[in-house]
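Here is a short note to read alongside the model. Keep the 3D view open and find each residue as it comes up.

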Amino acid sequence: MSEATVAQRDIPRIYSRIAPIYDVWAALTEARARRACLERAAVRDGESVLEVAVGTGLVFEQLVKANPSGLTEGVDLTEAMLDRARRKVSGLPGRHRLRVGDAHRLDAPDQTFDLVVNNYMFDLLPEADFPVVLGEFFRVTRPGGRLVLVNMARPTRALHRIWDVVYKINPAWLGGCRGVDLAPEVARAGFVNVERELLSQMGFPSEIIVARRPAAAA
Ligand SMILES: C[S@@+](CC[C@H](N)C(=O)[O-])C[C@H]1O[C@@H](n2cnc3c(N)ncnc32)[C@H](O)[C@@H]1O
């Protein structure tokens, strides 16, 4: 796995620039993976749901629509991305809240959420941060609760390597994302029933990871 080359402190600046065109990029290369994420998340109305790194709210909007009687919260580092997410959910029924927040330090009590969702964020974090952030996801997930992650995956076919070349020329063109393989880290963080699925769109490889926090001992 190659190391992240865009520093976290530069993320809000880079994503403020990308925000106006983000949804076009997302439709071309990541829409299939987002659909798979929502299917695997299988939100049940009335749940307590957190999405970390909501971006422009492409998944957040669908989570809110599926959960009108529940609570749907979202955080992101970049205000300009959150602004777009707020526009997508304004006027939708239900309790939902979007705010600036950092995945490394989630502002939520232990064991709050039935479902934690996170898409295309680990692929721009330094590897040393993976256990810290997964530890936070574990902490805020209820016993028996679900985790669904989507990341840019490492290449498994020749076509996928185009994106490695793009990243080498200028990581910011890919929003700082490079391929990762997170399933072993998810298991190390204490999650169980870890499943990984791979798919690609326009040669852009994505992994969908589903896992569960163990249920409390009887
Ligand atoms: C590639 S975008 C993905 C957005 C959204 N999840 C999606 O799939 O469309 C990456 C997002 O992660 C956010 N981000 C990066 N590091 C973060 C962190 N430590 N905590 C919260 N958000 C973060 C960025 O601001 C950006 O909105």
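1. Start with a cut-off. A residue counts as buried when its relative accessible area is under 20%, and as exposed when that value is over 50%; anything in between is partly exposed. Keep in mind that this is a predicted model.

2. Is Thr 112 buried or exposed? Its relative accessible area is 18%, so Thr 112 is buried. Thr 112 sits in the loop that runs between β3 (95–100) and β4. Leaving aside residues up to four places away in sequence, Thr 112 touches Ser 48, Val 140 and Arg 142.

3. Now look at Gln 111. Gln 111 is also in the loop between β3 and β4. Its relative accessibility is 38%, so Gln 111 is partly exposed. Check the backbone too: phi of Gln 111 is near 55°, which is positive, and the residue is not a glycine.

4. Met 202 lies in the loop between β6 (192–201) and β7 (204–212). With 56% relative accessibility, Met 202 counts as exposed.

5. Turn to helix α6, residues 130–140. Which of its residues are buried? They are Phe 130, Val 133, Leu 134, Glu 136, Phe 137, Phe 138 and Val 140. An α-helix has 3.6 residues a turn, so residues three or four places apart point the same way. Look for that spacing in the list, which includes Phe 130, Val 133 and Leu 134.

6. Next, the largest pocket. Its volume is about 510 Å³. The lining has 36 residues, and those nearest the centre are Tyr 15, Tyr 22, Met 81, Tyr 120 and Leu 124. Elements that give two or more residues to this lining are α1 (11–18), α2 (22–29), β1 and α4 (58–66). The largest share comes from α1, with 3 residues. By type, the lining divides into 22 nonpolar, 9 polar and 5 charged residues.

7. There is a ligand to inspect. Around the ligand are 20 residues, and Gln 8, Arg 34, Ala 53, Asp 76 and Thr 78 come nearest. In Thr 78, a polar side-chain atom lies 2.6 Å from a ligand oxygen atom. Tyr 22 has a polar side-chain atom 3.1 Å from an oxygen atom of the ligand. Tyr 22 is also among the residues nearest the centre of the largest pocket.

8. How many cavities of 30 Å³ or more does a search of the whole structure find? The search finds 1. The largest cavity holds about 50 Å³ of space. Its lining is Leu 50, Glu 73, Val 75, Arg 99, Leu 106, Asp 107, Ala 108 and Phe 113. Of these, 5 are nonpolar, 3 are charged and none is polar.

9. Last, Leu 159. Leu 159 is in the loop between β5 (141–152) and α7 (161–169). At 41% relative accessibility, Leu 159 is partly exposed.

Notes: Residues numbered from 1 in each chain as written. Predicted model: local features only at pLDDT ≥ 70, side-chain atom pairs only at ≥ 80, totals over all residues. Heavy atoms only, no water. Helix = DSSP H or I, 4+ residues; strand = E, 2+ residues; numbered from the N terminus. Buried < 20%, exposed > 50% of the residue type's maximum accessible area, 1.4 Å probe, protein only. 1 Å grid on protein atoms, 1.4 Å probe; cavity = no way out; pocket = protein on both sides within 12 Å on 5 of 7 lines; lining within 4 Å. Points joined across faces, edges and corners; volume = space filled by probe spheres on them. Nonpolar A, V, L, I, M, F, W, Y, C, P; charged D, E, K, R; others polar. Near = heavy atom within 4 Å. Polar contact = N/O pair within 3.5 Å; in protein donor to acceptor, adjacent residues only side chain to side chain. Contact = heavy atoms within 4.5 Å.
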